[in-house]
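Try each task before you read its solution.

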Amino acid sequence: MNDPIYRRGLAPAVFICLALAIGACTVREDPPEAAGTGGTPPTPGPKDITQQEIPPVSAVPEEVKNSPATVEADAIAGRHRADQARPAMKMHMEMAPGVASAYGVPEPWRIAREPLDRENYAHLDPNPVRLVSADPVSTFSIDVDTGGYANVRRMLNEGRLPPEDAVRIEELINYFDYAYPVPADSRRPFSITTELAAAPWNADRLLLQIGIKGYEVPAEQRPPANLVFLIDVSGSMNDPRKLPLLKQSMKLLARQLTADDCVSMVVYAGAAGVVLEPTPGDEQAKILAALDRLQAGGSTNGAGGIRAAYQLARQAYLVDGINRILLATDGDLNVGTVDFDSLIDLVEREREGGVSLTTLGFGTGNYNDHLTEQLADAGNGNYAYIDNLNEGRKVLVDQVGSTLQTIAKDVKIQVEFNPAVVAEYRLIGYENRMLRREDFNNDKIDAGEIGAGHTVTALYELTLVDSPARLMDPLRYGSEDRRAQSAAGEAAFVRLRYKAPDGDVSQLIEQPVRTRNVDANPSAELRFAAAVAAFGQLLRGGDYLGDYQYTDVLALAGQSKGADPHGYRGEFVGLVRLADSLATVNAPDRQARR
């Protein structure tokens, strides 16, 4: 023990290193059945590494265990074990499941190969069939949002069917313009058009189309605008489909502004800050430079950004102009106020000051559609999803008037059905826009806004009293209400309430729907809207469509596409083909999820 090598602690360390290395290379087999249990005693043989007499590490003096040589030897042994394990792990990774164990390689954990999907959508149950004798009145708020269609398009182009809750059928229908009559002037800000025709998926039922067309304000008559760009620059926006696309889209809008307009810019990540004070709209270089400087990073304090944007909007408020915040985000808030209801309450309080909030959604993977859509509803604005620069141009250039300028607010529709003619009805879409019957005449109840030139379409599926397609049996102990015999020529009565943009008292428009107007040759506008409605219903499971398929939608849309100057209807036909292919591939999996 007086040898200097032992004093340095090298010999014990080397011995320990060799023992560990041999142990890492040894594969111990399960021993045969032990003696005394009916088995054959094991044949004596060489001792394995677990039987050799190796002094425990604790028997080595502390000064030896902690010596530099011992530490270095332990590191060498660890690297040796890792080098020995790496080829086996690599071999297992390349093997089909179950094959690795045949080679003596233990099955490791499963490795996720799909990106994490944290997209958030509100659950919506489809509107049920209603019995007219029990529930003759249907009331809902109008909806001019189009974000649902662009989001569905994004997912289909990614090669996957959208989740059913991502499909809001009214937003698919209202993505398209329809050739409804244009109001002559702004004194009555929109026209109402109704049409009745057989439902394409069931000839024993009818479709009632209610179409609204907003007054189109000429560009030169647009009031000056006070706009606040509220931009999410958090780390989650660091994606080519998020912040870079957002900046390109906002530049398109900035180039539409004039010296009479005013632009401010607020950004938010972990905290919120003003990056552009109120600036005249014709100072293009300054506005575009502020956009170019934006970079993504940090957490997401959306509530702080919203408060700062409203404060800046009030600072530059235009009494006779447009005052609007444009919130561009993926909706993934994670610091500050993140509770959904609290954020909605915040926006509802702020809208009373006369500043509207429009939301522009971007991105995938963590997209919060639920929050983005509801913030716009609470803020008296509209919601769009921008999945490519063409959509940015559509929303912020082609339709800039309807995006920015409100011509009527709190617009509600109420339809009363005649029980002498109509037995059942079903409103297609608008599930999160339904109102109580008494809400229609209550001017305190908030509803949707219509922008300049907007079109809004609602479709009801009707079953007449003598139709074999009725889903509900007549009551045994009661007769259906026949008090409306004097109005037997009417299938329904449409009422619409709206307020002027700066008004507090609603105005009423009424219009009957007559059965003699059932069209054996429906217009191309009704047929195309029906094709879009059928497409949305198929994406949501098609519970009320019978045997109607994507191929039937293709035929109907192709026949009714009509004038298509921007190619949006032609693109829709392509999406139907794509959905048909994806539905065929994913049919078993989708059925299992339902």
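**Exercise 1. Find which backbone oxygens the side chain of Asn226 reaches, and describe its setting.**

Step 1. The side chain of Asn226 reaches the backbone oxygen of Ala316 at 3.3 Å, and that of Ala313 at 3.0 Å. This is a predicted model, in which local features need pLDDT of at least 70 and side-chain atom pairs count only at pLDDT 80 or more, while totals for chains, interfaces and linings use all residues. Residues are numbered from 1 along each chain as its sequence is written, and side-chain values use heavy atoms, with hydrogens and water left out.

Step 2. Now place the residue: Asn226 lies in strand β5, residues 225-232. Helices (H or I, at least four residues) and strands (E, at least two) are DSSP runs, numbered from the N terminus.

Step 3. Is Asn226 buried or exposed? Asn226 counts as buried because its relative accessible area is 0%. The cut-offs are under 20% for buried and over 50% for exposed, with partly exposed in between (1.4 Å probe, protein chains only).

Step 4. List the surroundings. Leaving aside neighbours within four places in sequence, Asn226 is in contact (heavy atoms within 4.5 Å) with residues including Cys262, Tyr317, Leu318 and Arg324.

**Exercise 2. Work out where Asn382 sits and what its side chain meets.**

Step 1. Asn382 is in the loop between α12 (369-378) and β10 (383-385).

Step 2. Its relative accessibility is 12%, so Asn382 counts as buried.

Step 3. The side chains of Asn382 and Thr358 are joined by a polar contact of 2.8 Å. A polar contact is a pair of N or O atoms within 3.5 Å; within protein, one must be able to donate a hydrogen and the other to accept it, and residues adjacent in sequence count only if both atoms are side-chain atoms.

Step 4. Beyond residues up to four places away in sequence, Asn382 touches, among others, Val144, Arg324, Ser402, Thr403 and His454.

**Exercise 3. Describe the largest cavity and its lining.**

Step 1. Begin with the rule. On a 1 Å grid over the protein atoms alone, a cavity is a set of points where a 1.4 Å probe fits but cannot get out, and a pocket is an open set with protein on both sides within 12 Å along at least five of seven lines; lining residues have an atom within 4 Å of a point. Grid points are joined across faces, edges and corners, and a volume is the space filled by probe spheres set on the points.

Step 2. There are five cavities of 30 Å³ or more, and the largest holds about 50 Å³ of space.

Step 3. Asn382 is one of the residues lining the largest cavity, and the lining also includes Val144, Arg324, Ser402, Thr403 and His454.

Step 4. β13 (448-451) gives the most to this lining, with three residues.

**Exercise 4. Describe the largest pocket and the second largest pocket.**

Step 1. The largest pocket has about 1,100 Å³ of space. Of its 38 lining residues, Thr406, Lys409, Ala500, Pro501 and Asp502 lie nearest its centre.

Step 2. Which strand supplies the largest share of that lining? β11 does, with four residues.

Step 3. The second largest pocket has a volume of about 910 Å³. It is lined by 42 residues, and Asp177, Asp398, Gln399, Ser402 and Gly453 are the closest to its centre.

Step 4. α14 gives the most to the lining of the second largest pocket, with four residues.
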